[in-house]
Amino acid sequence: MDPAAVRALDAQVAGCAAAHQRLLATLDAALADGTLDDAACRAPSALPGWSRGHVLAHLARNAESHTRMFDAAGRGEASEQYPGGAAARSAAIDAGAARAAAVLAADVRATVWALEGAWAAATATTWSGHGVKSHDGGARVAIVDLVAMRWRETEVHLADLDLGPTWHDWSDDYARMDVALMTARWASRRPMGMAELPAAALRLPPRERLAWLLGRHEVAGLASPEPF
């Protein structure tokens, strides 16, 4: 990678690691004061259709899936993110969601540590590799893009847990990075010549615009994009 790309990756690693620590600190505090108990894990999260247990199980399995792809890339191989595809991914999340609150939090912590260890152990071979999003039509995903993707998962789903932090609390660095990525993603799904964000969206502050793009914030007069 060229020096600019390395600096960008360093910033993403630092940002995602900080988001991991905010996630773990939030879970620890909620466990300690009783906000996060077994009943709370069965209760709905801020993400429609998922309980808090589902969100926590997903955060753990997502970290595990990234570690799997990093490890394979280091061997010069391309691993499926979720072997078995979308059905296996959903089954693992559903099964994990029913566990006790302390077990779910411990799973998140252990998989975060393992993923950060995979980042630290990554070689040039690893970073030049790719994985396969078997739950998303078999699309290739560059290993170098995974850190930014995990940063999004962590910041967004921390807010989805509805344990205090909201999209208003997303870090400035994350919001700056991902509003650009999500704007490009939004444009890529529109017909040619219709790729500009609506004027009402462009008038929003970047963090609020990102929350709208991710389906976490409704704006009067704007149709909500598909939730991330």
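The model is predicted. Helix H3 packs against helix H5 at an angle of about 25 degrees and crosses helix H4 at roughly 125 degrees. Helices H7 and H8 cross at roughly 110 degrees. Strands E1 and E2 pair in the antiparallel sense.

**Helix H3 with helix H5**

- H3 spans residues 52–74 and H5 spans residues 101–121. Their axes lie 9 Å apart, at an angle of about 25 degrees.
- H3 is roughly parallel to H5, because angles under 35 degrees count as such.
- The crossing of this pair is left-handed.
- On the H3 side, the contact takes in Gly 53, Leu 56, Ala 57, Leu 59, Ala 60, Arg 61, Ala 63, Glu 64, His 66, Thr 67, Phe 70 and Asp 71. H5 meets them with Leu 104, Asp 107, Val 108, Thr 111, Val 112, Ala 114, Leu 115, Ala 118 and Trp 119.
- Sorted by class, the contact of H3 with H5 holds 13 nonpolar, four polar and four charged residues.

**Helix H3 with helix H4**

- H4 runs over residues 85–97. The axes of H3 and H4 come within 8 Å and cross at roughly 125 degrees.
- That angle makes H3 oblique to H4. The crossing is right-handed.
- H3 contributes Gly 53, His 54, Ala 57, His 58 and Arg 61 to the contact. H4 contributes Arg 89, Ala 92, Ile 93, Asp 94, Gly 96 and Ala 97.
- The contact of H3 with H4 divides into four nonpolar, four polar and three charged residues.

**Helix H7 with helix H8**

- H7 covers 146–160 and H8 covers 172–188. Their axes come within 11 Å and cross at roughly 110 degrees.
- The two helices are therefore roughly perpendicular to each other.
- From H7, the contact uses Ala 148, Trp 151, Arg 152, Glu 155 and Val 156. From H8, it uses Asp 173, Tyr 174, Met 177, Asp 178, Leu 181, Met 182 and Arg 185.
- By class, the contact of H7 with H8 has seven nonpolar, no polar and five charged residues.

- E1 comprises residues 130–133, and E2 comprises residues 139–142. The antiparallel pairing runs over four bridges.
- Val 132 has Arg 140 as its bridge partner in E2. For His 130, the bridge partner in E2 is Ala 142.
- Side chains alternate along E1. Gly 131 and Lys 133 point to one face and are buried.
- Five residues lie between the strands of the hairpin. Gly 137 takes a positive phi near 75 degrees.

**Buried helix residues**

- Leu 27 lies in helix H1, residues 3–33. With a relative accessible area of 1%, Leu 27 is buried.
- Beyond its neighbours within four places in sequence, Leu 27 is in contact with Leu 36, Leu 56, Ala 105, Val 108, Leu 161 and Leu 163.
- Leu 27 and Val 108 are 81 residues apart along the chain, and their C-alpha atoms are separated by 9.4 Å.
- Ala 72 sits in helix H3. At 1% relative accessibility, Ala 72 counts as buried.
- With neighbours within four places in sequence left aside, Ala 72 is in contact with Glu 77 and Ser 79.
- Ala 72 and Ala 86 are 14 residues apart along the chain, with 20 Å between their C-alpha atoms.
- His 157 belongs to helix H7. At 3% relative accessibility, His 157 counts as buried.
- Leaving out neighbours within four places in sequence, His 157 is in contact with Leu 47, Val 55, His 58, Leu 59, Arg 152, Arg 216 and Phe 228.

**A loop residue with positive phi**

- Asp 162 is found in the loop between helices H7 and H8.
- Phi of Asp 162 is near 60 degrees, a positive value in a residue other than glycine.
- At 47% relative accessibility, Asp 162 counts as partly exposed.

Definitions and conventions: Residues numbered from 1 in each chain as written. Predicted model: local features only at pLDDT ≥ 70, side-chain atom pairs only at ≥ 80, totals over all residues. Heavy atoms only, no water. Buried < 20%, exposed > 50% of the residue type's maximum accessible area, 1.4 Å probe, protein only. Pairing = 2+ DSSP bridges. Axes fitted to C-alpha atoms, helices over the stretch in contact; angles between N-to-C directions. Parallel < 35°, antiparallel > 145°, perpendicular 65-115°, else oblique. Left-handed = near helix turned anticlockwise from the far one by under 90°. Contact = heavy atoms within 4.5 Å. Nonpolar A, V, L, I, M, F, W, Y, C, P; charged D, E, K, R; others polar.
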